[in-house]
Structure formats: C-alpha cells, structure tokens
Amino acid sequence: MDERIDVVVVGGGVIGLCTALSLVEAGRSVRLLEARTLGSGSSHGNCGTLTPSHAFPLAAPGTIGRALRWMLTPDAPFYVAPRLDPRLWQWLLGFASRCNARDWKTAMTAKAGLLNDSIQVFPDWVARYAPGSEFSQEGTDYVFRDARELEIAARDLPHLAELGVHGQLIDGAEYERQDPAFKPGLKGALHFPGDAHLRPDRYVSGMADALRALGGLIDEGWDVTAIDEDADGVVVHGSHGSVRAREVVLATGAWSTTLMRSAGLRAVPVQPGKGYSITYDRPALVPKRPVILHEPSVCVTVWDSGYRLGSTMEMSGYSTDLNPRRLAALERGAAEFLHDPVGQVKHETWYGWRPLSVDDVPIIGRVPGRRRSWIATGHGMMGVSMSPATGQLVADMITGRAPRIDPAPYSPERFR
C-alpha cells in the first residue's frame, strides 16, 4: 500500500479537478483517481456555458406533465424511455413530489448560491489554471419563436433578479437586427449579461496540467471497488491496489450511486440524464453570443476553435447508444432558427450522462454514516458552471475553514 496522503479524490471531471485543486491550494496532498480518462464523462462534450441564468431547477411545476406527454416522442427535449426500472421510478416519484412552487423556489435559491459564487471567481480561476480554455464573458441569450413561451419565461426575470441574476428582454425584430445569424420570425430574446462560456475539454486539460504542476497525483484507468474507513482514515481499494488517505471525496457524477452501492456506502438519489452534442468547424455565419434556442431546447456555443450544438435530456439509464434521432433533433432545431446551422466538417458526435439529483440541487457534504468520506455530485446540467464553487466548498468543509456559502442546502443528510 502506498504512503498515506491527505485526500483521495475519485473522479476526474470538472468537479473532481476543481476539488483537487482547491485542496492543494489549502495545503493538502491529493491523489486523483479516474476510472477511464480525465473528462471522459459529461465534462467533455457539453456546451461549456456558465449560466447563473439557468438557476431554475428541472423539478418545476408542469415538468412531469410534459415528460409524460413526451414519452412517445423519442426526440423530445426531455424524454423518459419507458422501461421496468424500480430505482428510476422511485426516483421519478420523489422528483414529482418536488415539482411544486415552494420546492422550486428553494431549489432555485440553492442552485443560485453555487452559480453566483462560481461566476465571480471564474475569471481568476481560469487565468490561473486553464488559460487556454477560451473563456469569454459575453453573456448568454435565450431566443424564442413563440410569443407565448417568451411571455412565460419573462415572468421569471424578477425571481432571478432577487437572486442577483439580471436579464434583459429584447424585441424579436431588434434582436434580428443585432444578430444576422438568425432567420426572420423571432418573437424576442432574454439576454443575461452576467453569463459566460468556455471550451470544457480545454478547461479539463488545463486544470489537469495545473494539478500535476502543483504536486497533485493523477491516476487514470483506476476503478474504485470499495472504501473502508477506520479511526485513522480511509482505504480506497480498486483495480490497481489500495490507497490510504485521511479523507476521500467521491466526485463521480452520474456514476455516484452505482459506486457508492458497490463500495458499501449509503447511496444518494441520483439518476443519469443523458445529453448529446455535435461539434463542427465554425460555420460562416454564427451567433454573436452563446444561445439557447428555447422551443427545441438546443444550446449553440461558438469558440475560436469550433462550434457545438448540444442539450436534450434522456432518462434511459446507462444506455450507450448514440441515438441518431436525438442528434438529428439538435440539427433540426438549429435549422429552425439559424441561416447557417451546422459547420461543413463534423468533428464529433457525443453523449454523456449528467448526474441528476432528485431535487435538482447538488449533493455536497459528508457521506451519511461516515466521518471521512465526502461526496460532490448531483449537479445536473450545471457541473461546469458550478465547478469552482463546489471545489472550494468541499475543501472548506474538509479543512474546517468557514465556507463562503452556506453548505446546508447541499447536505446529503436532507434525504434521510
């Protein structure tokens, strides 16, 4: 067994890397274990938008009704694949019970806490740890072709403003004048100037390089199979032996529940939500800012190095199918809005599983029943957006420092 270090972080996505860097900053020795390759989960192919504007939880009034209507539409923006899966249906019942105005407001406030803290520190964070990640603070636009949908969405602007997230309503004709990438017929847009974006794969690689430079150890291809805890610390067992540490942090995203059960820990209510993306060369005419095309629920992000269409939410377990219908829905949705919806060269078609907690609020804190085992998961579609704040919060709790934000809303104990 290797010499004991301070903290083992399990999971090499953006949450695990930010946690490891925050712990190293706090003076702890860290070893990061990743089952496959760094960033190979949902950290790789997402659209890289950093969006306090997206603080609204998925668990909202009306969500279950829409999901049920869409169950026979496999390319719908939110699709639950019909199947016999007791754990999924237990999760859906818990999720449905939270689709009410009171829980929606509570969850939105909790999500905004992490989102606002992260967006404040992102400029300095990427300058130090991922300067090549194409970070930009241009804001994000939510664009509408349906006047009724725009009206409904605009009603939520005061709720966001109460949380420090300010948006602006732009008339459709004016928006078309501002951005010639869009076809005529827009009803309007909501512009959020406080949002930002980056290229997530370069964000991951930059942080990995920074962690190694600061003395952190990274092991890829390291499957964790069990975690033992005693008075002196923890022993993490896996495919390449055992590692002793004072603490362990599980930042394994959508695989958290599976790993916790196999490792003998009490699992948290997380389900995998499958997202898709397509990456191309930049088309000749692209939107001036990252946009969410509201009705088809398609995100469009442009970098100097490329162009990506992404989004959708598919509850299909750990299915490894790259569903061509859902990929086609991304291109079709973009074509409804944009003159030049795709690039000439397609570089990658991708899927990844997002970790969806039952209340759509991240789960951050001690593993129930353990003293030295911690978890950071359940970020849904907001893992990149919430990553610096999550890493700092975990490091603060482990080191005993006063955290910048209240950890109580994210505690795993809320599910007991």
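Mentor: Helix H12 (residues 383–399) gives the largest cavity the largest share of its lining, four residues. Helices (H or I, at least four residues) and strands (E, at least two) are DSSP runs, numbered from the N terminus. This is a predicted model, in which local features need pLDDT of at least 70, side-chain atom pairs count only at pLDDT 80 or more, and totals for chains, interfaces and linings use all residues. Residues are numbered from 1 along each chain as its sequence is written, and side-chain values use heavy atoms, with hydrogens and water left out.

Trainee: What volume does the largest cavity have?

Mentor: About 40 Å³. The count comes to one cavity of 30 Å³ or more. On a 1 Å grid over the protein atoms alone, a cavity is a set of points where a 1.4 Å probe fits but cannot get out, and a pocket is an open set with protein on both sides within 12 Å along at least five of seven lines; lining residues have an atom within 4 Å of a point. Grid points are joined across faces, edges and corners, and a volume is the space filled by probe spheres set on the points.

Trainee: Which residues line the largest cavity?

Mentor: Asp117, Ala389, Gln392, Leu393, Asp396, Pro403, Arg404 and Ile405. They divide into four nonpolar, one polar and three charged. Here Ala, Val, Leu, Ile, Met, Phe, Trp, Tyr, Cys and Pro count as nonpolar, Asp, Glu, Lys and Arg as charged, and the others, Gly among them, as polar.

Trainee: Where does glycine 253 lie?

Mentor: In the loop between strand S12 (241–250) and H10. Leaving out residues up to four places away in sequence, glycine 253 touches Val270, Pro355 and Thr377, where contact means heavy atoms within 4.5 Å.

Trainee: Now the backbone. What is phi at serine 311?

Mentor: Near 120°, a positive value in a residue other than glycine. Serine 311 is in strand S16 (residues 306–315).

Trainee: Is serine 311 buried or exposed?

Mentor: Buried, with a relative accessible area of 18%. Buried means under 20% relative accessible area, exposed over 50%, partly exposed in between (1.4 Å probe, protein chains only).

Trainee: And what about phi of aspartate 360?

Mentor: Aspartate 360 is not a glycine either, and its phi is positive at about 60°. It sits in the loop between strand S17 (346–357) and strand S18 (363–366). Aspartate 360 counts as buried too, at 7% relative accessibility.

Trainee: Zooming out, how many helices and strands does the chain have?

Mentor: 12 helices and 19 strands. The radius of gyration is 21 Å, close to the 22 Å that the globule rule gives for 416 residues, so the chain is as compact as a globular protein of that length. That radius is taken over C-alpha atoms, and the rule is 2.2 Å times the number of residues to the power 0.38.

Trainee: How much of the chain is buried?

Mentor: 56% of the 416 residues.
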